[in-house]
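Hi there,

Here is the structure I promised to pass on to you. Have a look at it first, and then read on for what turned up in it.

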Amino acid sequence: MDEPRLSRRRLLTAGAVITAVPVVTAAAAATLGGSDVPFKEGQANAPLATDTGSSWSWFTDAEAAFVSAAVARLIPADDLGPGALEAGVPTFIDRQLAGAYGRGERWYMQGPWSPGLPTQGYQTRLTPAGMYRAAIKAIDAAVVRESRGASFAKLAAADQDAFLHRLEKGEVALDGVDAKGFFAQLLQNTFEGFWSDPIYGGNKDMAGWKLIGFPGARYDNSEFVAQHGQKYPLPPVGLTGRVEWIRS
Amino acid sequence: MARKLPSVDALMIGFGWTGAIMAQELTDAGLNVLALERGAWADTSREFATTFAQDELRYFWRHDLFQTAAHDTQTIRNDASQVALPMRKLGSYLPGTNVGGAGVHWNGQTWRFLPSDFVARSHNLQRYGAGALPETMTIQDWGITYDELEPYYDRFEKLCGISGKAGNIQGRIQPGGNPFEGPRANEYPNPPMAMSYPPTLFAQAARDLGFHPFPQPSANMSQAYTNPLGVRLEKCTYCGFCEKFACGNYSKATAQTTILPVLMKKANFRLRTECEVTKINLDSSGKRAVSVTYVDASGEEYEQPADLIVLSSYILNNVRLLLLSGIGLPYDPQTGQGVIGKNYAYQITSSVNLFFDDKILNPFIGAGAHGMLVDEWTATTSTTPVWASSAAATWAWCRRAHGPSRRTRCPRARRPGAARSRRRWRPTTSRR
């Protein structure tokens, strides 16, 4: 089933020609082939390089410092490869929170409001973006209140680990936010960023996929389904291709 | 005031699997059929293409193919003593939206009920004695039997090109199939899917223990298949993007890949999308449904008369529409009276994760309905009712996992959390 993909590629590259040489293609039909291919090999379909961003879309600098420090503890870099920080997870979370997900656009966020029971699910008024804002502020306040340091990001790694463990167990009282709920949200978003397609800003250079041996957005494993116990031979590929496809 | 439209012979409220099947049958019978779908048009080449269908964030986590709670939701309570609160985001069940409904993002697991499932009450009373059913258990017989439904199972399996291995053809037990299933008129229209490593290991272990493992009946194609309507489906490529995803490969039976290419061309069929039915209207006797009221995308209200009105959306929406329309006696859990809204049940599945340090499993290779199963505990004679014994509850199943952020699991000792090495995620880790 390569048909849709080829059609799309042809359509896109035809567009590139029109942009590049508007005078020639304004009216005439074209004959393509031989050396006259309508794209530059390795360039026309060059994938987007992961852009870790020079500025934040949603986070304040203090929020970015917290998230960068926290995800670096949840998935730390080690001898197996980059961790969540190096893979761009803070950028991923920042962009998610700046968009429809952060605003909770798919969620029902009108009344009636009541804390409800744990079995009745999410019942706070906070959108994901609002929860990060409130939680990080409350966490840094708790760090100061407990005389541990100036902010979570400034703690030593071992102290950050201990604090995260307490968050996970709900042992830290946070003003206006459920600590356990926020930890679960942060961990979930960290996983998403580490393993989602690189187009979303995380999983830089497919570091998450390489770590677990996942081949990415491939669409045909027919050849390998019955090769039991064999190492999968192909490198990962994202929705926009692989960085190796960019010719330098 | 609602604008009144010319009457049609038959009207579908919702255009997923049920609406498409009913419309196909009724147009074949010569009726003029109209379907009203709340969502938008969706087809494989434009909406689910293989160039972007494998986007885990968009489809699995951000629910791109599902109903949005912001548009329409339900309230939840666990028993009648609680105050019901809105379901603010989707959780365990994932109602689809748009043409094709939840059938677009289903896995394709295509079980038949066991014959005893149709007579759940009388079967269990007979098997375990008069006192076996707790008073609070509202279980009933269906009022229709397996034998009556068998020809329709057979027809649906052929429409979809179900891949599988029969275990009982006309009473003769077949090796390699499920020996506990009800008798089938025919073999499955397609052979079982190719098995990846984890289900193969499970099946071997089950066989060694004397059980009867069989391949998951699957609406994912084991080979290219042309159905009785002349619509062609393509061979599954085991990409693993099934549950919560649409198939870009025409390899999963959906309304789009089995019926719509034929139905949409019929002169006696019409589909109106982005039209939401708000009420079913009754005649003056209150006994007969004669029309529906619906709102289109621009907010215009219409009354659409029809001789036959089919509720073909998800069961919760069907029930709500009946309640809002004053049709039938609402179920009252205190008195047990009424049937509208009674006995809703959702699937409950528990799982165990297995980890192998010495095997390369490539758990991303697979499909939504792909795995090996053992059904001994559902069907074999036991002296204890299944609900009274935690050890004898259901079938066992081994399937490959999904993509990386969907089902990446790690042993408890290597659990995520601060100060853990990332070694918890190993390339060879197996799931379920």
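Before we start, one term: two residues are in contact, or touch, if their C-beta atoms, placed from the backbone, lie within 7 Å. Please also keep in mind that this is a predicted model.

With that in hand, take Ala84(A). Leaving out residues up to four places away in sequence, Ala84(A) touches Val71(A), Ala72(A), Leu74(A), Ile75(A), Val89(A), Thr190(A), Gly193(A) and Phe194(A). As background, nonpolar side chains tend to be buried together in soluble globular proteins.

Now for chain A as a whole. How many helices and strands does the secondary structure of chain A come to? The count is eight helices and zero strands, and the pattern along the sequence reads α-α-α-α-α-α-α-α. Chain A has 248 residues, of which 37% count as buried. Among its contacts with a separation of 6 or more, 62% are between residues 24 or more positions apart.

Helix 4 of chain A, residues 89-98, is mostly covered, with nine of its ten residues buried. The buried ones are Val89(A), Pro90(A), Thr91(A), Phe92(A), Ile93(A), Asp94(A), Arg95(A), Gln96(A) and Leu97(A). What covers them includes helix 3, helix 5 (128-145) and helix 7 of chain A.

Next, a pair of helices. Two packed helices are described by the angle between their axes and the distance between the axes. For helix 3 and helix 6 of chain A, the axes come within 10 Å and cross at roughly 85 degrees. Angles of 65 to 115 degrees count as roughly perpendicular, and these two helices are therefore roughly perpendicular to each other. Where they meet, helix 3 of chain A brings Ala69(A), Ala70(A) and Arg73(A), while helix 6 of chain A brings Ala157(A), Gln160(A), Asp161(A) and Leu164(A). Sorted by class, this contact has four nonpolar, one polar and two charged residues.

Then there is the place where the two chains meet. In chain A, 59 residues are in contact with 55 residues of chain B. On the side of chain A that touches chain B, the elements giving two or more residues are helix 1 (3-20), helix 3 (61-74), helix 6 (157-169), helix 7 (179-195) and helix 8 (207-212) of chain A. Helix 6 of chain A gives the largest share, five residues. By class, the residues on this side of chain A divide into 29 nonpolar, 17 polar and 13 charged.

- In chain A, the peptide bond from Gly111(A) to Pro112(A) is cis, with omega near 5 degrees. Pro112(A) lies in the loop between helix 4 and helix 5 of chain A.
- Phe66(B) is in the loop between helix 3 (56-61) and strand 4 (75-76) of chain B. Why does Phe66(B) count as buried? Because it has 20 C-beta neighbours inside 10 Å, and 20 or more is the cut-off for buried. Not counting residues up to four places away in sequence, Phe66(B) touches Leu90(B), Leu94(B), Pro95(B), Gly96(B) and Thr97(B). From C-alpha to C-alpha, Phe66(B) and Gly101(B) are 8.4 Å apart in space, though 35 residues apart in sequence.
- Tyr238(B) has a positive phi of about 55 degrees although it is not a glycine. Its loop runs between strand 10 (232-233) and helix 7 (255-258) of chain B, and with 26 C-beta neighbours inside 10 Å, Tyr238(B) counts as buried.
- Glu274(B), which is not a glycine, has a positive phi of about 55 degrees. Glu274(B) sits in the loop between strand 11 (269-272) and strand 12 (275-282) of chain B. Glu274(B) is partly exposed, with 15 other C-beta atoms within 10 Å.

Finally, a word on confidence. The model scores ipTM 0.88 and pTM 0.86. Chain B averages a pLDDT of 88, and 88% of the residues score at least 70. Over residues 387-394 of chain B, however, the pLDDT is below 50, and this stretch has nine contacts in the model beyond near neighbours in sequence. Residues 411-432 of chain B also stay under 50.

Happy exploring!

How values were computed: Residues numbered from 1 in each chain as written. Chains lettered and ligands numbered in written order. Predicted model: local features only at pLDDT ≥ 70, side-chain atom pairs only at ≥ 80, totals over all residues. Helix = DSSP H or I, 4+ residues; strand = E, 2+ residues; numbered from the N terminus. Nonpolar A, V, L, I, M, F, W, Y, C, P; charged D, E, K, R; others polar. Axes fitted to C-alpha atoms, helices over the stretch in contact; angles between N-to-C directions. Parallel < 35°, antiparallel > 145°, perpendicular 65-115°, else oblique. Buried ≥ 20, exposed ≤ 12 C-beta atoms within 10 Å, placed from the backbone. pLDDT = per-residue confidence, 0-100.
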